[in-house]
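Colleague: I would like to go through some of the labels used for this model and hear what stands behind each one.

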Amino acid sequence: PHRNVGNEKAAFTLTTTELTKAFATDTAAYNKYVDKAVLLEGPITSIEGSRLLFENIICSVDSAELPKLAAMKEGQTVKVQGRLTTYNDLMEEIMLDQCVIK
C-alpha cells in the first residue's frame with residue numbers, strides 16, 4: 001500500500017532552523033532522518049510551483065495539498081510534515097517529499 005507520511009506519527013518534530021543546524025554539525029544526521037516522517041515549523045522563504053522553501057529546506061507538497069498551498073505566502077510560519085529524502089552537501093539543501101500542511 002501507498003505510504004501516507006502525513007498521517008504517520010512524526011519521528012522527529014523540529015523547527016527548520018534546528019534541522020538545518022543538525023545537518024551542519026552532525027555528519028550522521030542524514031542517516032538519522034532519512035526516510036522518516038519529519039514535522040517542521042518555520043517561516044516560508046519562497047513558494048515555487050508545488051514546493052515550499054524554508055531557506056535551504058525544500059518541501060515537495062503532496063498534490064492533495066495544493067489548494068492549501070495556494071493560500072500560503074512568503075514570511076508565513078507554517079508546519080509541514082514530510083519524508084526526508086535527500087541531503088545535497090554541496091548545496092547544503094535538505095529535501096522532503098509527500099509534504100502535507102498541518
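Colleague: What makes Lys32, Tyr33, Lys36, Ala37, Val38 and Leu39 contacts of phenylalanine 12?

Modeller: In this predicted model, contact means heavy atoms within 4.5 Å. Phenylalanine 12 meets that with Lys32, Tyr33, Lys36, Ala37, Val38 and Leu39, its neighbours within four places in sequence being left aside. Phenylalanine 12 itself belongs to strand β1, residues 12-15.

Colleague: How far from phenylalanine 12 is phenylalanine 54 in space?

Modeller: The C-alpha to C-alpha distance between phenylalanine 12 and phenylalanine 54 is 17 Å, and they are 42 residues apart in sequence.

Colleague: Why is serine 46 called buried?

Modeller: Its relative accessible area is 16%, and buried means under 20%. Serine 46 falls under that cut-off, so the label is buried. Serine 46 lies in strand β3, residues 46-48, and touches Arg51, Leu52, Leu53 and Glu74, not counting residues up to four places away in sequence.

Colleague: How do you know that strand β5 and strand β7 pair?

Modeller: Pairing needs at least two bridges. Strand β5 (residues 57-61) and strand β7 (residues 93-101) have 4 bridges, in the parallel sense, so they count as paired. One of the residues involved is valine 61, whose bridge partner in β7 is cysteine 99.

Key:
Residues are numbered from 1 along each chain as its sequence is written. This is a predicted model: local features need pLDDT of at least 70, side-chain atom pairs count only at pLDDT 80 or more; totals for chains, interfaces and linings use all residues. Side-chain values use heavy atoms; hydrogens and water are left out. Helices (H or I, at least four residues) and strands (E, at least two) are DSSP runs, numbered from the N terminus. Buried means under 20% relative accessible area, exposed over 50%, partly exposed in between (1.4 Å probe, protein chains only).
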